[in-house]
Amino acid sequence: MARIVMKFGGTSVANLERIHNVARHVKREVDAGHEVAVVVSAMSGKTNELVDWVRNVPKVAGADSPFYDAREYDAVVASGEQVTSGLLAIALQSMGVNARSWQGWQIPIKTDNAHGAARIQEIDGSDIVRRMGEGQVAVVAGFQGIGPDNRISTLGRGGSDTSAVAIAAAVKADRCDIYTDVDGVYTTDPRVEPKARRLKKIAFEEMLEMASLGAKVLQVRSVELAMVHKVRTFVRSSFEDPDAPGMGDLLNPPGTLICDEEEIVEQEVVTGIAYAKDEAQISLRRVADRPGVSAAIFGPLAEAHINVDMIVQNISEDGTRTDMTFTVPSGDVDKALAVLGDNREQIGYDVVQSESGLVKVSVIGIGMRSHAGVAATAFKSLAEKGINIKAITTSEIKISILIDGPYAELAVRTLHSCYGLDKN
(Lines give C-alpha, C1' and ligand atoms only; values in the text may rest on other atoms or scores of the structure.)
Protein backbone atom coordinates (compact mmCIF):
# COMPACT_ATOMS: atom_id res chain seq x y z
CA MET A 1 0.00 0.00 0.00
CA ALA A 2 1.21 3.47 -0.84
CA ARG A 3 0.07 7.05 -0.31
CA ILE A 4 -0.50 8.81 -3.63
CA VAL A 5 -1.46 12.35 -4.60
CA MET A 6 -3.09 12.63 -8.03
CA LYS A 7 -3.53 15.95 -9.80
CA PHE A 8 -5.80 16.56 -12.80
CA GLY A 9 -5.61 19.69 -14.95
CA GLY A 10 -8.35 21.67 -16.65
CA THR A 11 -8.51 19.64 -19.86
CA SER A 12 -8.76 16.44 -17.81
CA VAL A 13 -11.92 17.72 -16.06
CA ALA A 14 -13.33 19.78 -18.94
CA ASN A 15 -16.80 18.19 -18.83
CA LEU A 16 -18.80 15.59 -16.90
CA GLU A 17 -17.62 12.72 -19.12
CA ARG A 18 -13.99 13.57 -18.44
CA ILE A 19 -14.67 13.98 -14.72
CA HIS A 20 -16.10 10.44 -14.80
CA ASN A 21 -12.91 9.27 -16.55
CA VAL A 22 -10.84 10.93 -13.81
CA ALA A 23 -12.93 9.13 -11.22
CA ARG A 24 -12.02 5.83 -12.93
CA HIS A 25 -8.31 6.69 -12.59
CA VAL A 26 -8.81 7.43 -8.90
CA LYS A 27 -10.87 4.27 -8.30
CA ARG A 28 -8.09 2.17 -9.86
CA GLU A 29 -5.65 3.35 -7.19
CA VAL A 30 -8.22 2.98 -4.40
CA ASP A 31 -9.01 -0.57 -5.51
CA ALA A 32 -5.27 -1.33 -5.39
CA GLY A 33 -5.37 -0.50 -1.68
CA HIS A 34 -3.61 2.88 -1.81
CA GLU A 35 -4.43 5.96 0.26
CA VAL A 36 -5.36 8.68 -2.22
CA ALA A 37 -5.68 12.46 -2.29
CA VAL A 38 -6.76 14.17 -5.52
CA VAL A 39 -6.07 17.80 -6.50
CA VAL A 40 -8.15 19.31 -9.30
CA SER A 41 -8.03 22.42 -11.47
CA ALA A 42 -11.04 24.33 -12.73
CA MET A 43 -12.78 22.96 -15.82
CA SER A 44 -10.98 23.97 -19.02
CA GLY A 45 -11.61 27.61 -19.92
CA LYS A 46 -13.47 28.41 -16.71
CA THR A 47 -10.64 30.32 -15.02
CA ASN A 48 -10.18 32.49 -18.14
CA GLU A 49 -13.91 33.25 -18.10
CA LEU A 50 -13.82 34.20 -14.41
CA VAL A 51 -10.74 36.40 -14.92
CA ASP A 52 -12.47 38.19 -17.82
CA TRP A 53 -15.50 38.84 -15.64
CA VAL A 54 -13.33 40.39 -12.94
CA ARG A 55 -11.47 42.59 -15.43
CA ASN A 56 -14.62 43.77 -17.18
CA VAL A 57 -16.69 44.65 -14.11
CA PRO A 58 -15.00 48.06 -13.62
CA LYS A 59 -15.63 48.90 -17.30
CA VAL A 60 -19.30 47.94 -17.11
CA ALA A 61 -19.65 49.96 -13.92
CA GLY A 62 -18.14 52.97 -15.69
CA ALA A 63 -15.17 53.25 -13.34
CA ASP A 64 -12.36 55.61 -14.31
CA SER A 65 -9.75 53.02 -13.30
CA PRO A 66 -9.46 49.44 -14.64
CA PHE A 67 -7.94 48.25 -11.38
CA TYR A 68 -9.73 45.96 -8.93
CA ASP A 69 -9.26 44.56 -5.44
CA ALA A 70 -6.95 41.52 -5.73
CA ARG A 71 -8.68 39.91 -2.75
CA GLU A 72 -12.00 39.94 -4.58
CA TYR A 73 -10.24 38.65 -7.70
CA ASP A 74 -9.13 35.63 -5.67
CA ALA A 75 -12.63 35.11 -4.26
CA VAL A 76 -14.01 34.91 -7.80
CA VAL A 77 -11.36 32.90 -9.65
CA ALA A 78 -10.97 30.31 -6.86
CA SER A 79 -14.58 29.25 -7.39
CA GLY A 80 -13.73 27.23 -10.50
CA GLU A 81 -11.77 24.66 -8.50
CA GLN A 82 -14.51 24.53 -5.87
CA VAL A 83 -17.00 23.39 -8.51
CA THR A 84 -14.66 20.71 -9.90
CA SER A 85 -13.76 19.26 -6.51
CA GLY A 86 -17.42 18.90 -5.59
CA LEU A 87 -18.34 17.29 -8.92
CA LEU A 88 -15.47 14.78 -8.72
CA ALA A 89 -16.41 13.88 -5.14
CA ILE A 90 -19.98 13.19 -6.32
CA ALA A 91 -18.68 11.11 -9.27
CA LEU A 92 -16.56 9.00 -6.92
CA GLN A 93 -19.44 8.55 -4.46
CA SER A 94 -21.62 7.42 -7.38
CA MET A 95 -19.05 4.69 -8.11
CA GLY A 96 -19.07 3.48 -4.51
CA VAL A 97 -15.86 5.27 -3.46
CA ASN A 98 -15.83 7.08 -0.11
CA ALA A 99 -14.81 10.66 -0.97
CA ARG A 100 -15.29 14.26 0.11
CA SER A 101 -14.22 17.63 -1.27
CA TRP A 102 -11.85 20.03 0.51
CA GLN A 103 -11.30 23.72 -0.11
CA GLY A 104 -7.90 25.28 0.53
CA TRP A 105 -9.05 27.02 3.69
CA GLN A 106 -10.50 23.81 5.15
CA ILE A 107 -7.21 21.90 5.21
CA PRO A 108 -5.84 24.64 5.77
CA ILE A 109 -3.29 25.63 3.11
CA LYS A 110 -1.79 28.79 4.59
CA THR A 111 -0.22 31.29 2.19
CA ASP A 112 1.34 34.74 2.29
CA ASN A 113 -0.68 37.87 1.52
CA ALA A 114 0.26 38.27 -2.17
CA HIS A 115 -3.26 37.84 -3.53
CA GLY A 116 -3.31 36.53 -7.09
CA ALA A 117 0.23 35.13 -6.79
CA ALA A 118 0.41 33.80 -3.23
CA ARG A 119 3.07 31.38 -2.02
CA ILE A 120 2.33 28.48 0.30
CA GLN A 121 3.83 28.88 3.76
CA GLU A 122 2.37 25.98 5.69
CA ILE A 123 0.02 23.01 5.25
CA ASP A 124 -1.47 21.03 8.12
CA GLY A 125 -2.13 17.67 6.46
CA SER A 126 -3.04 15.79 9.65
CA ASP A 127 -6.81 15.78 9.08
CA ILE A 128 -6.47 14.60 5.49
CA VAL A 129 -3.99 11.89 6.53
CA ARG A 130 -6.43 10.66 9.17
CA ARG A 131 -9.31 10.58 6.68
CA MET A 132 -7.19 8.79 4.04
CA GLY A 133 -6.21 6.23 6.69
CA GLU A 134 -9.93 5.58 7.20
CA GLY A 135 -10.30 4.87 3.49
CA GLN A 136 -11.68 8.22 2.37
CA VAL A 137 -10.42 9.95 -0.80
CA ALA A 138 -9.64 13.64 -0.27
CA VAL A 139 -10.65 15.70 -3.34
CA VAL A 140 -8.85 19.03 -2.93
CA ALA A 141 -9.54 22.25 -4.83
CA GLY A 142 -6.16 23.24 -6.25
CA PHE A 143 -4.80 26.74 -6.84
CA GLN A 144 -6.20 28.13 -3.60
CA GLY A 145 -5.36 28.67 0.05
CA ILE A 146 -6.03 31.14 2.84
CA GLY A 147 -3.95 34.25 3.52
CA PRO A 148 -2.99 35.79 6.88
CA ASP A 149 -5.87 38.22 6.40
CA ASN A 150 -8.27 35.23 6.57
CA ARG A 151 -9.22 35.77 2.92
CA ILE A 152 -9.13 33.24 0.08
CA SER A 153 -5.83 33.45 -1.82
CA THR A 154 -4.77 31.96 -5.15
CA LEU A 155 -1.34 30.72 -6.23
CA GLY A 156 -1.09 32.13 -9.76
CA ARG A 157 -1.85 30.42 -13.06
CA GLY A 158 -0.94 26.75 -13.00
CA GLY A 159 -1.08 26.84 -9.21
CA SER A 160 -2.87 23.50 -8.92
CA ASP A 161 0.46 21.79 -9.74
CA THR A 162 1.96 23.58 -6.77
CA SER A 163 -0.99 22.62 -4.57
CA ALA A 164 -0.51 18.96 -5.49
CA VAL A 165 3.22 18.82 -4.81
CA ALA A 166 2.86 20.80 -1.57
CA ILE A 167 0.12 18.47 -0.34
CA ALA A 168 2.22 15.44 -1.35
CA ALA A 169 5.08 16.83 0.76
CA ALA A 170 2.75 17.62 3.68
CA VAL A 171 1.20 14.14 3.81
CA LYS A 172 4.53 12.41 3.01
CA ALA A 173 3.18 10.80 -0.15
CA ASP A 174 5.15 8.08 -1.89
CA ARG A 175 4.62 9.84 -5.19
CA CYS A 176 2.71 12.67 -6.85
CA ASP A 177 1.10 11.98 -10.24
CA ILE A 178 0.42 15.04 -12.40
CA TYR A 179 -2.17 14.04 -15.01
CA THR A 180 -2.42 16.33 -18.00
CA ASP A 181 -3.23 16.28 -21.72
CA VAL A 182 0.26 15.04 -22.64
CA ASP A 183 1.79 11.66 -21.78
CA GLY A 184 5.04 12.96 -20.32
CA VAL A 185 7.90 15.41 -20.71
CA TYR A 186 9.45 15.59 -24.18
CA THR A 187 12.89 16.61 -25.42
CA THR A 188 11.14 19.67 -26.91
CA ASP A 189 7.66 20.76 -27.97
CA PRO A 190 6.36 18.01 -30.32
CA ARG A 191 4.25 20.61 -32.12
CA VAL A 192 7.46 22.32 -33.23
CA GLU A 193 9.64 19.24 -33.72
CA PRO A 194 7.71 16.04 -34.56
CA LYS A 195 10.85 14.00 -33.81
CA ALA A 196 10.76 15.02 -30.14
CA ARG A 197 11.05 12.03 -27.77
CA ARG A 198 9.30 11.37 -24.49
CA LEU A 199 11.77 11.19 -21.61
CA LYS A 200 11.52 8.27 -19.21
CA LYS A 201 13.23 10.24 -16.43
CA ILE A 202 14.34 13.82 -15.93
CA ALA A 203 16.20 15.36 -12.98
CA PHE A 204 14.51 17.98 -10.80
CA GLU A 205 17.08 20.59 -11.83
CA GLU A 206 16.52 19.93 -15.52
CA MET A 207 12.75 20.08 -15.15
CA LEU A 208 13.06 23.31 -13.18
CA GLU A 209 15.02 24.86 -16.03
CA MET A 210 12.60 23.47 -18.64
CA ALA A 211 9.59 24.85 -16.76
CA SER A 212 11.12 28.26 -16.11
CA LEU A 213 12.38 28.57 -19.69
CA GLY A 214 9.14 27.99 -21.52
CA ALA A 215 8.01 24.35 -21.19
CA LYS A 216 4.35 24.46 -20.13
CA VAL A 217 4.10 20.97 -18.62
CA LEU A 218 4.47 22.07 -14.98
CA GLN A 219 4.38 25.31 -13.04
CA VAL A 220 7.88 26.39 -11.93
CA ARG A 221 6.97 26.66 -8.25
CA SER A 222 5.69 23.07 -8.22
CA VAL A 223 9.05 21.80 -9.49
CA GLU A 224 10.88 23.88 -6.88
CA LEU A 225 8.79 22.32 -4.12
CA ALA A 226 9.26 18.82 -5.51
CA MET A 227 13.04 19.32 -5.60
CA VAL A 228 13.25 20.76 -2.07
CA HIS A 229 11.05 18.07 -0.53
CA LYS A 230 12.24 15.27 -2.86
CA VAL A 231 8.73 14.43 -4.01
CA ARG A 232 8.95 11.82 -6.77
CA THR A 233 6.64 13.23 -9.43
CA PHE A 234 5.21 11.51 -12.49
CA VAL A 235 3.81 13.43 -15.46
CA ARG A 236 1.08 11.23 -16.97
CA SER A 237 -1.79 11.44 -19.46
CA SER A 238 -5.34 11.40 -18.15
CA PHE A 239 -6.59 10.40 -21.61
CA GLU A 240 -5.08 6.92 -21.52
CA ASP A 241 -7.52 4.16 -20.60
CA PRO A 242 -7.49 3.98 -16.77
CA ASP A 243 -7.49 0.18 -16.98
CA ALA A 244 -4.80 -0.16 -19.68
CA PRO A 245 -1.83 -2.47 -18.89
CA GLY A 246 0.74 -0.81 -16.64
CA MET A 247 -1.47 2.10 -15.57
CA GLY A 248 -1.61 0.72 -12.03
CA ASP A 249 2.14 0.01 -11.81
CA LEU A 250 3.26 1.50 -8.50
CA LEU A 251 6.95 1.94 -9.33
CA ASN A 252 7.04 2.58 -13.09
CA PRO A 253 3.71 3.79 -14.46
CA PRO A 254 3.59 5.22 -18.01
CA GLY A 255 4.85 8.81 -18.23
CA THR A 256 7.94 10.75 -17.19
CA LEU A 257 9.43 10.52 -13.71
CA ILE A 258 10.88 13.74 -12.26
CA CYS A 259 13.36 12.66 -9.64
CA ASP A 260 16.75 13.12 -7.99
CA GLU A 261 19.78 13.17 -10.27
CA GLU A 262 21.09 10.04 -8.52
CA GLU A 263 18.18 7.99 -9.92
CA ILE A 264 19.26 8.70 -13.50
CA VAL A 265 21.99 6.23 -14.43
CA GLU A 266 22.57 7.25 -18.06
CA GLN A 267 22.88 11.04 -18.12
CA GLU A 268 22.62 12.68 -21.53
CA VAL A 269 24.78 15.72 -22.24
CA VAL A 270 21.67 17.61 -23.39
CA THR A 271 18.23 16.55 -22.16
CA GLY A 272 15.95 19.02 -23.90
CA ILE A 273 15.35 22.27 -25.77
CA ALA A 274 12.91 24.81 -24.30
CA TYR A 275 11.71 28.08 -25.73
CA ALA A 276 9.77 31.08 -24.49
CA LYS A 277 7.96 33.39 -26.88
CA ASP A 278 6.92 36.99 -26.28
CA GLU A 279 10.18 38.11 -24.73
CA ALA A 280 11.12 41.79 -24.81
CA GLN A 281 14.49 43.51 -24.49
CA ILE A 282 14.98 46.80 -22.65
CA SER A 283 18.21 48.77 -22.90
CA LEU A 284 19.31 51.68 -20.74
CA ARG A 285 21.95 53.72 -22.56
CA ARG A 286 24.84 55.62 -20.97
CA VAL A 287 24.12 54.80 -17.35
CA ALA A 288 26.60 56.17 -14.81
CA ASP A 289 28.90 53.30 -13.82
CA ARG A 290 28.88 53.56 -10.03
CA PRO A 291 28.19 51.28 -7.05
CA GLY A 292 24.47 50.77 -6.49
CA VAL A 293 23.31 51.49 -10.03
CA SER A 294 22.17 47.88 -10.60
CA ALA A 295 20.15 47.99 -7.39
CA ALA A 296 18.61 51.29 -8.50
CA ILE A 297 17.46 49.61 -11.73
CA PHE A 298 16.37 46.16 -10.64
CA GLY A 299 15.14 46.96 -7.13
CA PRO A 300 12.09 48.98 -8.29
CA LEU A 301 11.38 46.41 -11.02
CA ALA A 302 11.34 43.64 -8.42
CA GLU A 303 9.03 45.67 -6.18
CA ALA A 304 6.68 45.98 -9.15
CA HIS A 305 6.76 42.15 -9.52
CA ILE A 306 8.39 42.35 -12.96
CA ASN A 307 10.41 39.24 -13.75
CA VAL A 308 13.81 40.22 -15.19
CA ASP A 309 15.76 37.49 -16.93
CA MET A 310 18.81 37.90 -19.18
CA ILE A 311 21.06 40.79 -18.14
CA VAL A 312 23.95 42.10 -20.25
CA GLN A 313 26.19 45.01 -19.22
CA ASN A 314 28.66 46.79 -21.49
CA ILE A 315 31.18 49.23 -19.98
CA SER A 316 32.44 52.21 -21.97
CA GLU A 317 36.16 52.49 -22.77
CA ASP A 318 36.79 55.13 -20.11
CA GLY A 319 34.84 53.11 -17.51
CA THR A 320 32.50 55.96 -16.56
CA ARG A 321 29.39 54.87 -18.45
CA THR A 322 27.63 51.57 -19.07
CA ASP A 323 24.80 50.21 -21.19
CA MET A 324 22.47 47.86 -19.30
CA THR A 325 20.30 45.48 -21.34
CA PHE A 326 17.85 42.94 -19.92
CA THR A 327 14.76 40.97 -20.89
CA VAL A 328 11.23 40.93 -19.47
CA PRO A 329 7.99 39.28 -20.67
CA SER A 330 6.45 41.34 -23.49
CA GLY A 331 3.33 41.90 -21.41
CA ASP A 332 5.39 43.71 -18.77
CA VAL A 333 7.18 46.15 -21.10
CA ASP A 334 4.90 49.15 -20.54
CA LYS A 335 4.90 48.56 -16.79
CA ALA A 336 8.70 48.23 -16.74
CA LEU A 337 9.18 51.41 -18.80
CA ALA A 338 6.89 53.29 -16.42
CA VAL A 339 8.89 52.07 -13.40
CA LEU A 340 12.19 53.04 -15.05
CA GLY A 341 10.76 56.44 -15.96
CA ASP A 342 9.71 57.06 -12.36
CA ASN A 343 13.24 56.21 -11.18
CA ARG A 344 15.21 57.92 -13.93
CA GLU A 345 16.83 60.44 -11.60
CA GLN A 346 18.06 57.77 -9.18
CA ILE A 347 19.34 55.55 -12.01
CA GLY A 348 20.86 58.27 -14.17
CA TYR A 349 20.46 56.99 -17.73
CA ASP A 350 20.34 59.04 -20.95
CA VAL A 351 17.80 57.08 -22.96
CA VAL A 352 15.76 53.89 -22.70
CA GLN A 353 15.03 51.62 -25.69
CA SER A 354 12.81 48.55 -25.99
CA GLU A 355 12.19 45.79 -28.53
CA SER A 356 9.41 43.18 -28.39
CA GLY A 357 8.69 40.02 -30.35
CA LEU A 358 11.84 38.17 -29.31
CA VAL A 359 12.23 34.52 -28.35
CA LYS A 360 14.49 32.83 -25.82
CA VAL A 361 15.68 29.34 -26.79
CA SER A 362 17.45 27.24 -24.16
CA VAL A 363 19.61 24.12 -24.22
CA ILE A 364 19.29 22.13 -20.97
CA GLY A 365 21.13 19.13 -19.53
CA ILE A 366 22.85 18.09 -16.29
CA GLY A 367 25.45 16.33 -18.46
CA MET A 368 26.72 19.75 -19.57
CA ARG A 369 28.60 20.04 -16.28
CA SER A 370 31.18 17.52 -17.42
CA HIS A 371 31.28 18.14 -21.18
CA ALA A 372 33.06 20.94 -23.03
CA GLY A 373 31.97 22.44 -26.33
CA VAL A 374 28.20 22.33 -25.78
CA ALA A 375 27.83 26.09 -26.27
CA ALA A 376 30.13 26.16 -29.30
CA THR A 377 28.00 23.48 -30.99
CA ALA A 378 24.87 25.59 -30.49
CA PHE A 379 26.44 28.79 -31.80
CA LYS A 380 27.89 27.08 -34.87
CA SER A 381 24.62 25.35 -35.72
CA LEU A 382 22.60 28.58 -35.45
CA ALA A 383 25.17 30.50 -37.49
CA GLU A 384 24.91 27.95 -40.28
CA LYS A 385 21.17 28.65 -40.43
CA GLY A 386 21.74 32.43 -40.51
CA ILE A 387 20.21 33.01 -37.06
CA ASN A 388 21.62 36.06 -35.27
CA ILE A 389 22.07 35.92 -31.49
CA LYS A 390 21.11 39.04 -29.52
CA ALA A 391 22.07 37.91 -26.01
CA ILE A 392 23.41 34.83 -24.21
CA THR A 393 23.24 33.63 -20.62
CA THR A 394 24.62 30.40 -19.20
CA SER A 395 24.59 28.31 -16.06
CA GLU A 396 26.01 24.90 -15.16
CA ILE A 397 23.17 23.07 -16.89
CA LYS A 398 21.73 25.50 -19.43
CA ILE A 399 22.51 27.90 -22.25
CA SER A 400 19.86 30.50 -23.13
CA ILE A 401 19.98 32.40 -26.42
CA LEU A 402 17.85 35.42 -27.36
CA ILE A 403 16.85 35.63 -31.04
CA ASP A 404 14.27 37.30 -33.29
CA GLY A 405 10.82 35.75 -33.02
CA PRO A 406 10.43 34.55 -36.64
CA TYR A 407 13.43 32.22 -36.21
CA ALA A 408 12.05 30.43 -33.13
CA GLU A 409 10.91 27.15 -34.68
CA LEU A 410 13.94 26.89 -36.95
CA ALA A 411 16.25 27.41 -33.95
CA VAL A 412 14.45 24.78 -31.87
CA ARG A 413 14.62 22.17 -34.65
CA THR A 414 18.25 23.01 -35.39
CA LEU A 415 19.38 22.63 -31.78
CA HIS A 416 17.27 19.52 -31.24
CA SER A 417 18.99 17.89 -34.21
CA CYS A 418 22.55 19.04 -33.56
CA TYR A 419 22.58 17.37 -30.12
CA GLY A 420 21.10 14.14 -31.48
CA LEU A 421 17.85 14.45 -29.54
CA ASP A 422 15.88 13.31 -32.60
CA LYS A 423 17.55 9.88 -32.44
CA ASN A 424 16.23 7.01 -30.31
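Trainee: Which residues are buried in helix α3 (residues 70-77)?

Mentor: In this predicted model, Tyr 73, Asp 74 and Val 77 are buried in α3, where buried means under 20% relative accessible area, exposed over 50% and partly exposed in between, with a 1.4 Å probe and protein chains only. Helices are DSSP runs of H or I with at least four residues, strands are runs of E with at least two, and both are numbered from the N terminus.

Trainee: Why do they line one face of the helix?

Mentor: Seen down the axis of α3, the buried residues fall within an arc of 100°, so they line one face; the arc is that of the directions from the helix axis to the C-beta atoms.

Trainee: And what covers them?

Mentor: The cover of the buried residues of α3 includes α2 (46-60), α4 (79-94) and β8 (152-154), with contact meaning heavy atoms within 4.5 Å.

Trainee: What happens at the start of α3?

Mentor: There a side-chain oxygen of Asp 69 reaches to within 2.9 Å of the backbone nitrogen of Arg 71.

Trainee: Before I go on, how are residues numbered, and what pLDDT do local features need?

Mentor: Residues are numbered from 1 along each chain as its sequence is written, and local features need pLDDT of at least 70, while side-chain atom pairs count only at pLDDT 80 or more and totals for chains, interfaces and linings use all residues. Side-chain values use heavy atoms, with hydrogens and water left out.

Trainee: Changing topic, is Gln 281 buried or exposed?

Mentor: Gln 281, which is found in strand β13 (residues 272-288), counts as buried because its relative accessibility is 13%.

Trainee: What is Gln 281 in contact with?

Mentor: Leaving aside neighbours within four places in sequence, the contacts of Gln 281 include Thr 325, Phe 326, Gln 353, Glu 355, Lys 390 and Leu 402.

Trainee: How do β17 and β18 run?

Mentor: Strand β17 (residues 391-395) and strand β18 (residues 398-404) run antiparallel and are joined by 5 bridges; two strands pair if DSSP finds at least two bridges between them. A hairpin through 2 residues joins β17 to β18, and Ile 392 stands opposite Ile 401 in β18.

Trainee: Zooming out, how many helices and strands does the protein have?

Mentor: The protein has 13 helices and 18 strands, and buried residues make up 49% of its 424 residues. Along the principal axes, its C-alpha trace spans about 75 × 60 × 35 Å.

Notes:
Polar contact = N/O pair within 3.5 Å; in protein donor to acceptor, adjacent residues only side chain to side chain.
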